[in-house]
Amino acid sequence: MEFLVDMVTTVPNGTSDDEVAEMRKREAARSAELAAQGSLLRLWRPPLAPGEWRTWGLFRADDADQLEMVLASMPLRAWRHDAVTPLSPHPNDPGQPAR
């Protein structure tokens with residue numbers, strides 16, 4: 001299954017710039033691992049309001065429970081709220097092979 005995940009990150013007050021930089025570094029490394037495993041397919045940056053930290057991600061998992069394990073393994077999850085939308089194939093999807 002594929003899932004669209006709207007990830008909104010809120011850095012806790014009092015967090016130093018160095019802590020944010022370290023968290024971003026750990027998140028990038030974990031994202032690369034998830035991409036190599038086939039769990040993370042794409043990331044997008046939607047239009048942002050000033051000061052907003054938000055990402056849209058396309059993930060692949062067997063089910064919602066497996067997706068939750070993937071999302072929980074990402075370091076930024078400690079500061080993030082995720083809204084998950086399960087996706088199902090569309091019969092007119094031009095990216096799918098003809099049936």
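**A guided reading**

Analyst: Asp82 has a relative accessibility of 13% and therefore counts as buried. The model in view is a predicted one.

User: In which element is Asp82 found, and which side chain joins the side chain of Asp82 in a polar contact of 2.6 Å?

Analyst: Asp82 is found in strand 4. Its side chain has a polar contact of 3.1 Å with the side chain of Arg77. The polar contact of 2.6 Å joins Asp82 to the side chain of Arg80.

User: Leaving aside neighbours within four places in sequence, with which residues is Asp82 in contact?

Analyst: Neighbours within four places in sequence are set aside here. The residues in contact with Asp82 are then Val5, Asp6, Met7, Leu71 and Arg77.

User: Is Arg80 buried or exposed?

Analyst: Arg80 is found in strand 4. A residue counts as buried when its relative accessible area is under 20%. The relative accessibility of Arg80 is 9%, so Arg80 is buried.

User: Which side chain is joined to that of Arg80 by a polar contact of 3.2 Å?

Analyst: With neighbours within four places in sequence left aside, the contacts of Arg80 are Met7, Val8, Thr9, Glu27, Leu71 and Met74. One of these contacts also has a side chain joined to that of Arg80 by a polar contact of 3.2 Å, namely Glu27.

User: How many helices and strands does the chain have, and in what pattern do they follow along the sequence?

Analyst: The secondary structure comes to two helices and four strands. Read along the sequence, these elements give the pattern β-α-β-β-α-β.

User: Over how many bridges does strand 1 pair with strand 3, and over how many with strand 4?

Analyst: Strand 1 covers residues 2-9 and pairs with strand 3, residues 53-60, in the antiparallel sense over eight bridges. In that pairing, Leu4 stands opposite Leu58. Strand 1 also pairs in the antiparallel sense with strand 4, residues 80-87, where the number of bridges is eight.

User: Which residue of strand 4 stands opposite Val5?

Analyst: Strand 1 and strand 4 pair in the antiparallel sense. The residue of strand 4 that stands opposite Val5 is Val84.

User: Why are the buried residues of helix 2 on the same side of the helix?

Analyst: Helix 2 spans residues 64-72, and its buried residues are Leu67, Val70 and Leu71. They are on the same side of helix 2 because they cover an arc around the axis of only 95°.

User: Which residues are exposed on the other side of helix 2?

Analyst: The buried residues of helix 2 have cover that includes strand 1, helix 1 (17-37), strand 3 and strand 4. On the other side of helix 2, the exposed residues are Asp65 and Met69.

User: Which residue caps the N-terminal end of helix 2?

Analyst: The cap involves a side-chain oxygen that lies 3.2 Å from the backbone nitrogen of Asp65. The residue that caps the N-terminal end of helix 2 is Asp63.

User: Where does Leu76 lie, and is Leu76 buried or exposed?

Analyst: Leu76 has its place in the loop between helix 2 and strand 4. Beyond its neighbours within four places in sequence, Leu76 is in contact with Thr9, Met23, Glu27 and Trp53. With a relative accessibility of 6%, Leu76 counts as buried.

User: What separates the C-alpha atoms of Leu76 and Val8?

Analyst: Leu76 and Val8 are 68 residues apart along the chain. Their C-alpha atoms are separated by 9.7 Å.

User: Is Ser88 buried or exposed?

Analyst: Ser88 lies in the segment after strand 4. The C-alpha atoms of Ser88 and Pro12 are separated by 35 Å. The relative accessible area of Ser88 is 63%, so Ser88 is exposed.

User: What percentage of the residues of the chain count as buried?

Analyst: The C-alpha trace spans about 55 × 30 × 20 Å along its principal axes. The accessible surface of the chain comes to about 6700 Å², of which carbon and sulfur atoms hold 54%. Of the 99 residues of the chain, the buried share is 29%.

User: Which domain does UniProt place at residues 1-93?

Analyst: Over residues 1-93 the chain is 32% helix and 31% strand, with the end C-alpha atoms 15 Å apart. For these residues the UniProt record, an unreviewed entry, gives the domain feature "Muconolactone isomerase".

Terms used
Residues numbered from 1 in each chain as written. Predicted model: local features only at pLDDT ≥ 70, side-chain atom pairs only at ≥ 80, totals over all residues. Heavy atoms only, no water. UniProt positions renumbered as here; feature names shortened; annotations may be inferred. Pairing = 2+ DSSP bridges. Buried < 20%, exposed > 50% of the residue type's maximum accessible area, 1.4 Å probe, protein only. Arc of directions from axis to C-beta. Contact = heavy atoms within 4.5 Å. Polar contact = N/O pair within 3.5 Å; in protein donor to acceptor, adjacent residues only side chain to side chain. Areas by Shrake-Rupley, 256 points an atom, 1.4 Å probe, with all protein chains shown as cover.
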